[in-house]
Number of protein chains: 2
Amino acid sequence: MRESDLLDLIARTSATAVAGFPGVLVGPGDDCAVVAPGGSALLLKVDQLIEGRHFAPGTPLELVARKAIARAVSDIAAMAGTPFASLAAAVFPHAYPQADADRLCLLLHDAARRWGCPTVGGDVASFAPGDHPLTLSITVLGGVHPTRGAVLRSGVRPGDAIYVTGSIGGSFASGRHLTFEPRLAEGAALAATLGDDLHAMMDVSDGLGRDAGRLAAASRVRIELDTASIPLNADVLDTVRAASDGEDYELLFAVAADAAVPGVIASGTPCTRIGRAIAGSGCVLRLADGREIDAIGLGWDHA
Amino acid sequence: MRESDLLDLIARTSATAVAGFPGVLVGPGDDCAVVAPGGSALLLKVDQLIEGRHFAPGTPLELVARKAIARAVSDIAAMAGTPFASLAAAVFPHAYPQADADRLCLLLHDAARRWGCPTVGGDVASFAPGDHPLTLSITVLGGVHPTRGAVLRSGVRPGDAIYVTGSIGGSFASGRHLTFEPRLAEGAALAATLGDDLHAMMDVSDGLGRDAGRLAAASRVRIELDTASIPLNADVLDTVRAASDGEDYELLFAVAADAAVPGVIASGTPCTRIGRAIAGSGCVLRLADGREIDAIGLGWDHA
């Protein structure tokens, strides 16, 4: 089973899944769902963290709890939203030490409070005997940006400029995948500063190349990224490899061609222009010598 | 690790966890959390379903999907709420057949739509190689009852009469744990009919005895159940055993002593008076010969 195949199925069937429910504004396939049960719109996101896949056995519980919450919060940031509550569900390995289970629950509370979304409920269970990994499922609810509303993946227009916050690559090798700061302030600042010129946004979790491909597909445009422009982390040498690495949790966004994007936003996060959208389909990385690499095939399958 | 010990910890620490967040009306410890990010209150619930614990390997996927959604919907019913959206997260066994994964996703959509809460988002991952069980995590959001609001566990008062819907016992042996109908219509009808005389409510998932003990603890009262009054399913002979069985998903509720509770509600579901609340603490089952059994020690630890 490939995660990406299943996500494709879910995206293909999502229109049917939510048909007849007018309170569902955005169904499966974007960074968050958007629902409006009463007057105001809500962002909803669930994400899972599995020992051995998203963190190595032996990772300090503080970092496990932090990453579990931060991953889902990053998706709220990608819509320019503000988290306000979370739910945490855990399945523990059989015979998991009670003291560790207690600590993990308290650490999840701490991490959730840090980003403004206290854990208001949850579920705990343990696996039957066997060598099963710790498995966490985190739901975060958020409010949409008060003036710009939810920033979707589907708003890129031909002619738009494509930007990324911060720098990318090497998240796993460096350990940054455990310590990244979700770009909440940056997402909100972009929405406030750019308003309707901020056409689309998502977070980069499966690799810049693959995620830019998803942005292009959601917006039915073609995206070309200039390899030489992509900002790399200091410990990363190869741009194509960096664009294949997962878990950067930077914001990838599209703006009107004439929009004045600040070079630095929030508390000093750079914004770098890395490409453009044109009419067409697909997504490529353009190398310095003019060759193009298909970006869709890059990236990292989480599952 | 015992699920019940961890739930106790979570309940003990929940006041701290949500302190300083005025939008959180009810934190961990009730059937659902209640949050009010804007004007209107929302119910939130996450629940997990694990192969080998909550369903046997080989259970038809239709019933797995149905139970996964129905369990969380039952908690919305227990607050007298109405489900409006859901999120579904799955971790698949390694090398799980793609066709089964696809089918399960579609079946989750079907089940969620059935109870009015279309699946608006989700996450899929797969375990690393090894013999790991299919694991589902379902979040359901609901609205509170329009006139009565959310019906909590903590509202029982000394002198209240204690009722249960339907009949209990033998859910696993009979397979009813896979086919039960969440008591949405019943919860809403009780709230509409009884109004503020409906003091407290919860669903019975871990056994009538243990859950009545939780209702008593949440309300700081003592609850006495008359064994002879407890309505049993036709295939169940032993009342104490039935009160220990889990997964009835009936509603257990407390009303003012003089409230006129209909004998039958919604589409023919009986309501049976099974006991009373008095000042004090604890919960007992009173046998026909006058002996009392501590109810708290009965019931079924899910994890």
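## Close-up views of a predicted two-chain model

**View 1. The contact between chain B and chain A.** In this predicted model, 65 residues of chain B are in contact with 65 residues of chain A. The side of chain B that touches chain A draws at least two residues from each of H1, strand E2 (33-35), strand E3 (42-50), strand E4 (82-92), helix H3 (98-114), strand E5 (119-126) and strand E6 (135-143) of chain B. Sorted by class, that side of chain B comprises 36 nonpolar, 21 polar and eight charged residues.

**View 2. Helix H3 of chain A and its surroundings.** Helix H3 of chain A, residues 98-114, has 17 residues and reaches 25 Å from its first C-alpha to its last, which is close to the 24 Å expected at 1.5 Å a residue. Buried positions in H3(A) are A:Ala101, A:Leu104, A:Cys105, A:Leu108, A:His109, A:Ala111 and A:Ala112. An α-helix has 3.6 residues a turn, so residues three or four places apart point the same way. The cover over the buried residues of H3(A) includes helix H2 (61-78), strand E4 (82-92) and strand E5 (119-126) of chain A, and also helix H1 (3-17) of chain B. Just after H3(A), A:Gly116 adopts a positive phi of about 80°.

**View 3. The two domains of chain A and where they meet.** The domain assignment of chain A gives domain 1, residues 22-143, and domain 2, residues 161-294, and the centres of these two domains, taken over C-alpha atoms, are separated by 25 Å. Across the boundary, 15 residues of domain 1 of chain A are in contact with 15 residues of domain 2 of chain A. On the side of domain 1 of chain A that touches domain 2 of chain A, H2(A) gives the most, with nine residues, and the residues of that side divide into eight nonpolar, three polar and four charged.

**View 4. Chain A as a whole.** Chain A has seven helices and 14 strands. The radius of gyration of chain A is 19 Å, close to the 19 Å that the globule rule gives for 303 residues, so chain A is as compact as a globular protein of that length. Along its principal axes, the C-alpha trace of chain A spans about 55 × 50 × 40 Å, and buried residues make up 56% of the 303 residues in the chain. Among contacts in chain A between residues at least 6 apart in sequence, 81% join residues at least 24 apart.

Key
Residues numbered from 1 in each chain as written. Chains lettered and ligands numbered in written order. Predicted model: local features only at pLDDT ≥ 70, side-chain atom pairs only at ≥ 80, totals over all residues. Helix = DSSP H or I, 4+ residues; strand = E, 2+ residues; numbered from the N terminus. Rg over C-alpha atoms; globule rule 2.2 N^0.38 Å. Buried ≥ 20, exposed ≤ 12 C-beta atoms within 10 Å, placed from the backbone. Contact = placed C-beta atoms within 7 Å. Expected span 1.5 Å × (residues − 1). Nonpolar A, V, L, I, M, F, W, Y, C, P; charged D, E, K, R; others polar. Domains from an automatic or database assignment.
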